[in-house]
Amino acid sequence: MAEDVLAGAPESGPAPRPSGSGRPFLDVRDLRVHFPTDDGVVKAVDGLSFSVERGKRLGIVGESGSGKSVTSLSIMGLHKRGSARISGEIWLGDDELVAADPERVRRLRGETMAMIFQDPLSAMHPYYTVGDQIMEAYRLHNDVSRRAARKRAVELLDRVGIPRADARVDDYPHHFSGGMRQRAMIAMALSCNPQLLIADEPTTALDVTVQAQILDLIVDLQAEFHTAVVIITHDLGVVAELADDILVMYAGRAAESGPAVDVFTEPRHPYTWGLLGSVPRWDRERSERLLPISGSPPSLINVPPGCAFHPRCPYADRNGDRSRTERPELVEVGPRHLAACHMGLEERATLFHDEIRPKL
Amino acid sequence: MAVYIVRRLIAAIFLLLIVTAACFVIFFLVPRLGGATPEDLASRYVGKTADVETIHNIAVRLGFTEPVYVQYGRFLRGLVLGADYPTGPTTTHCPAPCFGYSYLTQQPVLPEILDRLPVTMSLAAGAAVIWVVAGVSTGVVSALRRGSVFDRTAMSVSLAGVSLPIFFTGLLTLSVFSYTLGITAPGGSYTPIEENPLLWAYDLLLPWITLAFLYAAGYARLTRAGMLDTMGEDFIRTARAKGLPERTVVVRHGLRSALTPILTIFGLDLGLLLGGAILTESTFSLPGIGKYSVDAITNNDLPKVLGVVLVGSLFIIIANLVVDVLYAVVDPRVRLS
């Protein structure tokens, strides 16, 4: 199917649910997540739209504090009702999650949508066996006996590549290595065949040698279960390996989004260029191996006016005052490829080909 | 596990030896080093009119003239084999384990302590139930509603609870509930549970509440802090991500972890209390081990004090051991070795 799996619809206000067979499975529209604090309102996510089809993988990339994890926790409904102000729409199948009854969202959690976390050691309860924790998720959503659940847990552990799963099912998390724990977390997340799997930095806490195995596993299982996958990461290598689409986030908004190939080969946002330059290249001279983005991520309480990236953008001056005063909208720069930048499209294409790409 | 327990029990015996030896040093060696003669020690246990010779005879009879290590050896021997104590013309046999022999009442100490143990146990057990239930539930609710009116009130009350001494809260409750309102026992009475469970509870209600208030306050604060820590853990987020109802998340995933340190403190508190709740028993005139030890100290009846110390240490050591074993049951990461 060739429908838009990543439509950055810059709409505002509630819109009727698009009907017909072409609608995306996960559809986030103009999501805003604000946290009121004593210092001011933290605008962790501020007008974000994206969508993912079943069977597709979306990689959300950005620095710490760009709003990636806040977005995923909003989809899962894991923000505290009192502390976060959430607006916009999150459509999951036929359910709209932002306005939904928390009890309804709870029932969807674990069954329709599941999540894998960054640190598999701290994400598992130290007092319960791995098997118990998988069975707990499974039995919650499926009315089965303990025995059947246990059988299911063993099958799942076996499927995610735990050797001697029938024995290891009774082990505690601390008996497992880091990679095995993450496999067990994946088994737990997949226990109810979720239609949406969110992986928040699933390989960050793991050995480099294990990272690729875990990513392969996610890809295999995703194909097998026809799941929609959202992978959140700061590691471009991860998304390069497995994402169909990429969403680059900056200061709680989308800077650029589109098919992975396009975003990697023809990026049209200076921040994306910066991210690509931040990947070390060992085949280059030492001084050119790493091209970091200068400065640090902006405060989410006082987001810079205009383009949030302008204080760090080497090309901000090219647009007169616009970068400082006017927020750039996401506009189409190619088929299904969107970027939010004031610079002319031609100018960006020339810049990227003449100045940026030779250094990457 | 069995090996671990045996090793801990052997260690416990050495610990008890050290505790009793320390008592002996304080009671019998330190006064001598300070210049007291055996006769000075013995003079407490004779009448005011006794002459020098009588005092000397008593000192010899009670063994005060012998070196302290001989006295200590005799005490240990009594613990294992029993001992005979000269009581005037005849001797009294104190069967093993002999925890000592009172110079004043001329009775073995252990039966007297065992007589009073049910009182102390009743007091400690009843209070423990109240303070664990009240303290832990208050702490959990406080943590889940941090900053709420309930939380602030509970924490203020608990601050008062840990700060106010028993002899203040005890007298206050006695004055209000027993003497003014007349709804609780006036203190000073104890009915064995096997005689009349209702009366037993009626007599002990006020002491329970008073004692539990002190401990519940501490447990509430401890539970609250533990729950606040635990509920911020990643595995709580995982539990929620599974779609578990919040109640299950709080109880099975949160409280289970937060309770582990509380278990440790509980074991030690209970062990300590079984050795005598001195202030509570004194305030409410309950004839328990605490009251017994206060009387013994007042009367300078050193063997009784020694016996109470020994029984108290025994309870603490056992409680410690039970806690350590339970800890390994509760937290699978703990290995007993």
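Colleague: Why is the pair R8(B) and D324(B) called a salt bridge?

Modeller: The closest N and O atoms of R8(B) and D324(B) are 2.5 Å apart. A salt bridge needs a side-chain nitrogen of Lys or Arg within 4 Å of a carboxyl oxygen of Asp or Glu, so this pair qualifies. Some ground rules: this is a predicted model, in which local features need pLDDT of at least 70 and side-chain atom pairs count only at pLDDT 80 or more, while totals for chains, interfaces and linings use all residues. Side-chain values use heavy atoms, with hydrogens and water left out; residues are numbered from 1 along each chain as its sequence is written, and chains are lettered from A and ligands numbered from 1 in the order in which they are written.

Colleague: How do you know into which domains chain B is divided?

Modeller: The bounds come from an automatic or database domain assignment. For chain B they give domain 1 (2-107) and domain 2 (110-336). The C-alpha centres of these two domains of chain B lie 34 Å apart.

Colleague: What makes residues of domain 1 and domain 2 of chain B count as being in contact?

Modeller: Contact means heavy atoms within 4.5 Å. By that rule, 25 residues of domain 1 of chain B are in contact with 22 residues of domain 2 of chain B.

Colleague: How do you know what area the two domains of chain B bury between them?

Modeller: Buried area is the accessible area (1.4 Å probe) that two parts lose on being put together, summed over both. Here that is about 2200 Å², with 79% of it on carbon and sulfur atoms. On the side of domain 1 of chain B, Y4(B), F27(B) and F99(B) supply 29% of the area buried against domain 2, more than any other three residues.

Colleague: What makes a residue pair a polar contact, and how many such pairs join domain 1 and domain 2 of chain B?

Modeller: The test is a pair of N or O atoms within 3.5 Å; within protein, one must be able to donate a hydrogen and the other to accept it, and residues adjacent in sequence count only if both atoms are side-chain atoms. Two residue pairs pass across this interface of chain B, both residues being at pLDDT 80 or more. Helix 1 (2-33) and helix 4 (68-81) of chain B each give at least two residues to the side of domain 1 that touches domain 2. Helix 1 of chain B gives the most, with 13 residues. These helices are DSSP runs (H or I, at least four residues; strands are E, at least two), numbered from the N terminus.

Colleague: Now chain A. Why is the pair R327(A) and D46(A) counted as a salt bridge?

Modeller: R327(A) and D46(A) have their closest N and O atoms 3.9 Å apart, and the salt-bridge limit already given is 4 Å, so the pair is inside it. The count between domain 1 and domain 2 of chain A is two salt bridges. Strand 2 (residues 40-52) of chain A gives the largest share of the side of domain 1 that touches domain 2, six residues. The domains of chain A are domain 1 (24-243) and domain 2 (266-359), and they bury about 920 Å² between them. K43(A), E63(A) and L236(A) lose the most area on the side of domain 1 of chain A, together 49% of what that side buries.
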